[in-house]
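This report describes the chains of a predicted model and the contact between them. The sequence and structure come first, and the description follows.

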Amino acid sequence: MSASASTPSNTVGNTHLNASASTPSNTVVNASASTPSNTVVNASASTPSNTVGSASASTPSNAVGNTRLNASANGRVLDSALFHVEHLNASANARVLDPALFQVEAPQTGGVEPGPSATDIGQPPVLLGARCEQDGTVVFPYQESCPRCSGREMSELALPGHGTLWSWTVQHFAPKSPYRGPTGTDFVPYPVGYVDLGEVIVESRLQIEDVATLRIGMPLTATWLRIWTDAEGLDVLTYAFTPGEAGES
Amino acid sequence: MTRPTDVAIVGAGIHAFGRHDGLSGLDLAEVAVRAALADADLHWSDIDYAVGGSNVSGKPDTLVGRLGLTGLPFITVRNGCATGGVALMTAAQALRAGEAELALVVGFDNHQRGAFAASPAGYGLGDWYGESGMMVTTQYFAMKARRYLHDHQISERSLARVSAKAFRNGAANPYAWRRKPLEEEEILAAAPVSPPLSQYMFCSPNAGAVALVLARSSRAADLCQKPVTLASIALRSRRFGSFEVFSPWLAPGVRSSPTIDAAAAAFEIAGVSPADVQVAQLQDTDSGAEIIHLAETGLCADGEQEELLASGATEPGGRLPINTDGGCLANGEPIGASGLRQVHEVVRQLQGRAPGHQVPGGPRVGFTHVYGAPGISACTVLTVP
């Protein structure tokens, strides 16, 4: 399956990123190469701008094809603890929802160049899970102990960005709090699903034009999704999966 | 097959399930308790041990202020969807341990309208999970049902058959909430909530109460014309590999379920086989859940449900009557009362005096199953000689 892109080689260096970190800028972890392409994915379907973002080839880490989450002009990820990212930049107009969802390669302390587009994110998100050193169980998001063997030797694991649809549904009514997306007359039904990434099945929002085309087993690839724009005008971004094969961009 | 440690149900009472906006959960509970006492021809002062459960609708032990300040031990339990099962188990254990002669169990709730809202922190999850719109119980039921139907080649029409059966049974049950029969086509064409589940394939939170009076089997015959033996009750939480509500991730290739474990334990303790069951109430939070639980409890094989439902085998007159009182789909789900409603219905079926459709032929072995978040299940086997 396409999730074969995941492999133990995705295992991130063992530096532990505090999963509860709430600051978007974080320590570096990694050099894993799960995304071959540097193409920018627009994080928000609702944003007209689709300009290429700041995943410039000049970034050294791009040499190894690393994910770069550059939350630029007006986007941020919903929870960065969910993701493995090379740079997790929350600049003037963007933030991640929870930093613990991401893994970050290098701290960005000031001087962040805003991307050319309001909501462009450099690369598709890479989710940050954990693998138990004792029995190999893979979980998401990162947690300190293994739900299978109770062991506490968990190492960070960058999850594959490609998988297959395991099951899905469509949310037809606006959820109650703490849901932060559009409600009332602005609410639009949205699909959610479980995506089989090989060693773990991850729950995710889905991004697809026509839900009637969703099929169990269809190949999916990770992307960004805007959930809401917060009081400071920042787009709050989370991960989603959208139709696509490994290797496509 | 009565054993010295067996416990029997000698009285049962219910407050009709539905919307009861003018009444509190405690009001409903009092009605159910007095009905159960009257059913056993007992007075509150005869009861020497009580267990009460409510998920959100008040402190059960305050009922002593209405029923009588007799000084009895009154245990309050709160265990999500398994609240009723835990209350029943706690009372049964006290009787078996010789700590009481006559125990009363009561479960009740009066919920607000709409789907249950849940706090991510309460489930050990980050706020992101709720904020991004994935912390919704109906999504879980829909995705679990879709995957199960896919894996076992069961049609979406089977989902509608479950609902149609529930509303037919509910229409005959004076204590049920939704009492209007619906055709399969109406159910399939109804507004989607979370496909493949439509609005008529989900139960709703509502209000209701159930009470039971328990005695040790040695005394039961003196108290009740037809006592029903609680042959077993088993409670289990989830193990690795179960697919539960509010799961940001699942383990591939492993299948476990608290229902599988609790049902197996209940049958083993009771010394009966699933094939012996003549009437059963299964957790049908949605119509997919009834299909899944038919197999997880051991009452049928995976995939067999399509034929069972199409042939009418799970109707009150069929060979495996399921949710004869209309289940959660027709009764709604006041969490603290829901598991005890199942026991109430099976007790009445085994006594031959079901409020709605009576299973013909004098059934002697019944089964109940509750299941809920975050992966707990309680099952009972109930028998009459």
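## A buried strand in chain A

Val126(A), Leu128(A), Ala130(A) and Cys132(A) point one way from S8(A), while Leu127(A), Gly129(A) and Arg131(A) point the other way, and all are buried. A residue counts as buried if 20 or more other C-beta atoms, placed from the backbone, lie within 10 Å of its own; 12 or fewer make it exposed, and values in between partly exposed. Strand S8 (residues 126-132) of chain A has 7 of its 7 residues buried, so it is largely enclosed by the rest of the structure. Helices (H or I, at least four residues) and strands (E, at least two) are DSSP runs, numbered from the N terminus.

S8(A) pairs with strand S10 (residues 154-158) of chain A in the antiparallel sense over 5 bridges; two strands pair if DSSP finds at least two bridges between them. Glu156(A) in S10(A) is the bridge partner of Ala130(A). S8(A) also runs antiparallel to strand S9 (residues 138-139) of chain A, joined by 2 bridges, and there the bridge partner of Ala130(A) is Val139(A). The hairpin of S8(A) and S9(A) has 5 residues between the strands, and in it Gly136(A) takes a positive phi near 80 degrees.

## Basis of the model

The model is predicted: local features need pLDDT of at least 70, side-chain atom pairs count only at pLDDT 80 or more, and totals for chains, interfaces and linings use all residues. Residues are numbered from 1 along each chain as its sequence is written, with chains lettered from A and ligands numbered from 1 in the order in which they are written.

## Chain A as a whole

Chain A has 0 helices and 15 strands. Of its 249 residues, 57% count as buried. Among contacts in chain A between residues at least 6 apart in sequence, 61% join residues at least 24 apart; a contact requires C-beta atoms, placed from the backbone, within 7 Å.

## The sheet of chain B

In chain B, 9 strands form an open sheet of mixed pairing, in the order S3-S2-S4-S7-S1-S8-S12-S11-S10. Strand S3 (74-77) and strand S10 (279-281) of chain B stand at the edges with a single partner strand each, so one side of each is left without a neighbour in the sheet. The twist averages 20 degrees from one strand to the next.

Val279(B) stands opposite Gly366(B) in S11(B).

## Helix packing in chain B

H5(B) and helix H10 (residues 287-296) of chain B pack at an angle of about 50 degrees, with their axes 9 Å apart. Axes are lines fitted to C-alpha atoms, for helices over the stretch in contact, and angles run from 0 to 180 degrees between N-to-C directions. Residues Phe141(B), Lys144(B), Ala145(B) and Tyr148(B) of H5(B) meet Gly288(B), Ala289(B), Ile291(B) and Ile292(B) of H10(B).

## The contact between the chains

The contact takes 41 residues from chain A and 27 residues from chain B. On the side of chain B that touches chain A, two or more residues come from each of helix H4 (127-131), helix H5 (137-151), strand S5 (192-194) and strand S9 (249-250) of chain B. H5(B) gives the largest share of that side, 6 residues.

Strand S13 (residues 201-206) of chain A pairs with S9(B) in the antiparallel sense over 2 bridges. Val202(A) has Trp249(B) in S9(B) as its bridge partner.

How values were computed:
Contact = placed C-beta atoms within 7 Å.
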